[in-house]
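Student: Could we go through this structure together? I would like to start with the overall fold and then move to the charged side chains.

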Amino acid sequence: MPLDFTAIDFETANSSPASACSVGLVRVRAGEVVAQTGWLIRPPAGHDEFNEWNIKIHGIHAHQVADAATWVDQIDRLCAFAGADVLVAHNAGFDLKVLSRACEVTGIEAPPYRSLCSLAVARKTYDLESYRLPKAAEAAGFGDFPHHDALADARACAQIIIDAARRADTDDIDELGAALSIRLTAPRPVQRERAVA
């Protein structure tokens, strides 16, 4: 099977994982980037306050997402782009948690994506002082980019996986995980609180 996957990156409005305010998506087919897209998201009600710290990181303000599609309005678009691909992200636990929590708070069943963490892949592929996305991407040949721009981050993440697969002489996302002893993960089901009768 060819090296096919979708790299994803979310930015959030605050410390709530449900507060997605931007997403970047990069589709890879046979080890080549073939499509990329990204957009702003109006975070779900109750998770839509923009924290000053988060704004400093990504530069997105509340007024910029006021007319953006809500999570409910954009989830089908996200899933249509990613299809049945494995989702790859740098610190995938964070991005997959954003996906599942934003679905949970809006009453949507989270799509059952498998994932691979490019941070874990970078740690097994490169010998670096830091494995933060800019450093790992640079090692993968993806130089200067606007870090914390969701699309740029997704593109950097994709490059890490493409380069790691080349170095490991693998041409499939599952093979890459196996070669580096990294298990591809499925999202954990969200534990809902049970009402006490």
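Tutor: What follows is a walk through a predicted model, going from the whole chain to single residues.

Student: What does the secondary structure of the chain come to, and in what order do the elements run?

Tutor: The chain has 8 helices and 5 strands, and, read from the N terminus, the order is β-β-β-α-α-α-β-α-β-α-α-α-α.

Student: How does the radius of gyration of the chain agree with that of a compact globule?

Tutor: For 197 residues a compact globule would have a radius of gyration near 16 Å, and the chain, with 17 Å, agrees with that. Taken along the principal axes, the box filled by the C-alpha atoms is roughly 50 × 40 × 30 Å.

Student: And how much of the chain counts as buried?

Tutor: Of the 197 residues, 51% count as buried, while the accessible surface comes to about 10200 Å², with 48% of that surface belonging to carbon and sulfur atoms.

Student: Switching to charges, where do the positive and negative ones sit on average?

Tutor: The chain has 19 positive and 27 negative charges, and their mean positions are 4 Å apart.

Student: How many salt bridges does a search of the whole structure find?

Tutor: The search finds 5 salt bridges, and one of them joins the side chains of Glu-104 and Arg-101, with an N to O distance of 2.3 Å.

Student: Why are Glu-104 and Arg-101 separated by about one helical turn?

Tutor: Both residues belong to helix α4, which covers residues 92-105, and because they are 3 residues apart there, about one helical turn separates them. Arg-101 is partly exposed, its relative accessible area being 25%.

Student: Which salt bridge involves Arg-114?

Tutor: The side chain of Arg-114 meets that of Asp-174 in a salt bridge, at 2.9 Å from N to O. Arg-114 lies in the loop between α4 and β5 (115-117) whereas Asp-174 lies in helix α8 (residues 173-179), so this pair ties together parts that are 60 residues apart in sequence.

Student: What about Asp-163, which residue does it form a salt bridge with?

Tutor: Asp-163 forms a salt bridge with Arg-167, and their closest N and O atoms are 2.7 Å apart. The two residues both lie in helix α7 (residues 150-167), where they are 4 residues apart, about one turn of the helix. Asp-163 is buried, with a relative accessible area of 5%, whereas Arg-167, at 47% relative accessibility, counts as partly exposed. Through salt bridges that share partners, Asp-163, Arg-166 and Arg-167 are joined into one network.

Student: One last topic, where is the place of His-47, and is His-47 buried or exposed?

Tutor: His-47 is in the loop between β3 (32-40) and α1 (52-58). The relative accessibility of His-47 is 17%, and the cut-off for buried is under 20%, so His-47 counts as buried.

Student: Which residues does His-47 touch?

Tutor: Leaving aside residues up to four places away in sequence, His-47 touches Asn-14, Ser-16, Ala-18, Ser-19, Arg-101 and Val-105. Among them is Arg-101, whose side chain also meets that of Glu-104 in a salt bridge.

Definitions and conventions
Residues are numbered from 1 along each chain as its sequence is written. This is a predicted model: local features need pLDDT of at least 70, side-chain atom pairs count only at pLDDT 80 or more; totals for chains, interfaces and linings use all residues. Side-chain values use heavy atoms; hydrogens and water are left out. A salt bridge is a side-chain nitrogen of Lys or Arg within 4 Å of a carboxyl oxygen of Asp or Glu. Buried means under 20% relative accessible area, exposed over 50%, partly exposed in between (1.4 Å probe, protein chains only). The radius of gyration is taken over C-alpha atoms; the globule rule is 2.2 Å times the number of residues to the power 0.38. Accessible areas come from the Shrake-Rupley method with a 1.4 Å probe; for residues, only the protein chains shown count as cover. Lys and Arg count as positive and Asp and Glu as negative; His and the chain ends are not counted. The place of a charge is taken as NZ of Lys, CZ of Arg, CG of Asp or CD of Glu. Contact means heavy atoms within 4.5 Å.
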